[in-house]
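Walk through this model from its salt bridges to its metal site, then on to a strand and a helix. Keep the viewer open while you read.

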Amino acid sequence: MRKVETFDYENIQHVFSLLSKCTEDYLFIYDFPADEYAISASATETFMLEEPEFDHATEILMNVCHPEDRKLLRDNLQGIIDGTVREHNLEYRWLGRNGHSIWISCRGQVVYDQNDHAKYMVGRITELGRRNMIDNTTGLYREIRLKSDLTKRVLTGDKNGFLLRIGIDNFKTVNDKFGRNFGDSVLNSVAECIRECVDEHGRVYRMDGDEMMVVAEVADYDQKEDQARTLYHKIRQRVDESIAAMGYKHFHTISAGGTYFKPRMQNVNTLLEQAEFALHEAKQRGKNTYVRYQEDTYQAFVKRMDIQERLRRSVEENYKGFELYYQPIVNTRKKKILGAEALLRWQDDVVGRLSPAEFVPLLEESGLIIPVGRWVIRTALEQCLCWQKKDKNFRMNINLSSIQLKKSDVIMDIETIMQELGIGNHNVLFEVTESGELESDSITQKILFSFRKRNLNLGIDDFGTGYSNFRYVKEMMFDLVKIDQAFIRNITKSQYDYLVVKQMTELAHSLNLKVCYEGVETADDLECVLDLNPDYIQGYYFAKPTTASDFETRYLCMEQKF
Ligand code: C2E
Ligand code: MG
Ligand code: MG
């Protein structure tokens with residue numbers, strides 16, 4: 001090879017400016033003995049460099065280099081000068097003109113003198129972000145690169161592997177609370193932890209927002225050990241350690257979803273969707289956890305989405321397929337009906353008939369419970385008005401979802417409809433289901449107090465399961481406690497359940513609350529519970545929920561005694 005002895009800067013800049021028309025890269029020459037450096041003039045527009053040529057090159061290069069990468073650069077350059085390193089091929093960060101970091105790939109060819117000492121290095125610097133391949137915040141490959149890598153690996157490759165999609169839990173709150181810069185530093189430290197845990201068989205990518213993806217090879221597709229899970233746990237531990245090292249200034253956790261691929265097995269988009277879905281599941285299951293993609297869970301999810309779509313269509317088509325059934329509530333002392341509970345039914349041409357336990361949660365999840373709940377209130381109240389004409393004390397119980405309480409002006413809806421129809425407060429009672437959320441949420445509490453202020457009757461449904469708290473029931477001034485069916489179901493067999501129901505009933509009565517038992521199915525059940533002195537009973541023993549017309553003919557017309 002011909003040895004270069006000197007170079008002349010003017011010529012060099014001329015050559016660089018000509019070459020800049022052929023490439024977006026920055027070209028450079030580094031003279032080691034003279035500690036001089038020349039780079040394409042356009043570099044001064046991008047990086048923190050005053051001039052395209054300078055003396056004291058090592059010092060200036062250290063200044064333009066991101067502080068965290070200075071050691072990496074210094075070691076490499078020193079190695080070249082000492083003769084221990086013969087290659088310069090680094091990916092690291094330079095500082096941009098406004099101080100932000102820019103990922104570069106720097107590749108140089110070293111030219112040696114007669115004594116084999118490094119004399120010059122000539123090379124090019126590529127701004128990785130400009131090629132859209134590297135994310136400037138984390139230095140990880142971007143999603144666009146992931147797709148092209150996967151296409152190569154999955155569609156034509158011969159390797160087994162997995163995708164592990166990792167998300168930082170509650171990252172939005174981190175950003176909102178501590179600002180974007182802090183958010184970026186959390187992202188960076190998690191990215192670093194992932195990089196440290198992924199070996200040479202894997203590659204890490206930055207996805208949208210707070211999410212990152214690992215693509216790794218595995219030897220055997222059908223291996224028992226879930227290697228994606230193992231990697232997740234390793235990363236999680238590394239993240240915990242790094243938080244501890246930073247003195248717990250802020251605590252964050254990560255969730256992940258994993259899925260596996262075989263050569264030529266999947267379509268890339270399907271694979272990406274699987275990893276995304278698995279991460280979504282991990283977040284649903286309370287975060288700080290890992291979920292492996294399962295086809296049947298995904299199919300169940302798809303089915304839920306389909307049903308939600310059908311529900312939406314029903315709502316749009318004027319509540320087609322929705323209907324209210326009515327179940328008598330019996331006044332135990334008078335042995336005649338007090339009224340009915342309105343219970344929602346839904347029937348769809350495609351999906352068929354589903355129970356409210358299946359479709360009410362879907363209505364809640366999608367927000368459709370708000371229009372449907374409004375429809376329930378109106379339909380039940382119109383029915384109530386009609387039946388009041390036959391029994392002036394007829395009382396309609398209507399279920400309200402906590403979503404309706406929180407996310408719609410349910411009291412205004414109720415008042416408007418009641419006024420329009422001219423229905424008195426004593427003819428209606430609203431049931432809300434007991435839950436921890438109901439008690440701890442200050443918005444719902446406020447709304448329940450508004451019911452009180454307006455003298456609207458309130459009942460607490462499914463009482464006794466999990467969160468029961470009589471003080472709360474008393475404070476909220478409920479009128480009625482409906483004891484959950486679960487207790488009544490075994491009351492004839494379980495002494496414990498019997499005593500619990502007895503205690504709850506006595507306590508409720510001492511607080512001046514009425515008590516209703518749900519789920520009384522047999523004559524034995526009835527005989528057993530009558531001793532406990534409930535005010536009302538609702539159950540299959542008396543009647544199952546039925547259509548309005550059936551209810552009218554069977555339970556309303558006759559002065560039926562139960
Ligand atoms: P819930 O409000 O506790 O309603 C009582 C449920 O117990 C009804 O089930 C009723 O059919 C059932 N039931 C009554 N007596 C017996 C019995 O003796 N044995 C048995 N095994 N079951 C009995 P359904 O109609 O399937 O409703 C289930 C739940 O769906 C309701 O429980 C309520 O939480 C919800 N739901 C129904 N309609 C509406 C509605 O319009 N709005 C809202 N938000 N939720 C509703
Ligand atoms: Mg109810
Ligand atoms: Mg109930």
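A network of salt bridges links E341, E431, K482 and E518. A salt bridge here is a side-chain nitrogen of Lys or Arg within 4 Å of a carboxyl oxygen of Asp or Glu. This is a predicted model, where local features need pLDDT of at least 70, side-chain atom pairs count only at pLDDT 80 or more, and totals for chains, interfaces and linings use all residues. Residues are numbered from 1 along each chain as its sequence is written, chains are lettered from A and ligands numbered from 1 in the order in which they are written, and side-chain values use heavy atoms, with hydrogens and water left out.

E518 bridges to K482, with the closest N and O atoms 3.8 Å apart. E518 sits in strand 20 and K482 in strand 19 (residues 480–483), so the pair ties together parts that are 36 residues apart in sequence. Helices (H or I, at least four residues) and strands (E, at least two) are DSSP runs, numbered from the N terminus. Both E518 and K482 are buried. Buried means under 20% relative accessible area, exposed over 50%, and partly exposed in between (1.4 Å probe, protein chains only).

Donors are N, O and S atoms within 2.8 Å of the metal (3.2 Å for Na, K and Ca); water is not among the atoms, so sites may look incomplete. E341 is buried at 2% relative accessible area, and D461 is buried at 5%. A further magnesium ion (ligand 3) lies 4.3 Å from ligand 2, and D461 coordinates both.

Now turn to strand 8 (residues 160–168). Nine of its nine residues are buried, so strand 8 is largely enclosed by the rest of the structure. N160, F162, L164, I166 and I168 point one way, while G161, L163, R165 and G167 point the other. Strand 8 runs antiparallel to strand 10 (residues 211–218), joined by eight bridges. Strands pair if DSSP finds at least two bridges between them. L163 stands opposite V215 in strand 10. Strand 11 (residues 254–261) is also antiparallel to strand 8, again with eight bridges. There, I168 has I254 as its bridge partner.

Helix 20 (residues 523–530) has two sides to inspect. D525, L526, C528 and V529 are buried. Seen down the axis, the buried residues fall within an arc of 170°, so they line one face of helix 20. The arc is that of the directions from the helix axis to the C-beta atoms. D524 and E527 are exposed on the other side. The buried residues pack against helix 18 (485–489), helix 19 (495–510), strand 20 (514–518) and strand 21 (536–538). Contact means heavy atoms within 4.5 Å.

K502 and E506 meet with their closest N and O atoms 3.2 Å apart. They are four residues apart in helix 19, and therefore separated by about one helical turn.
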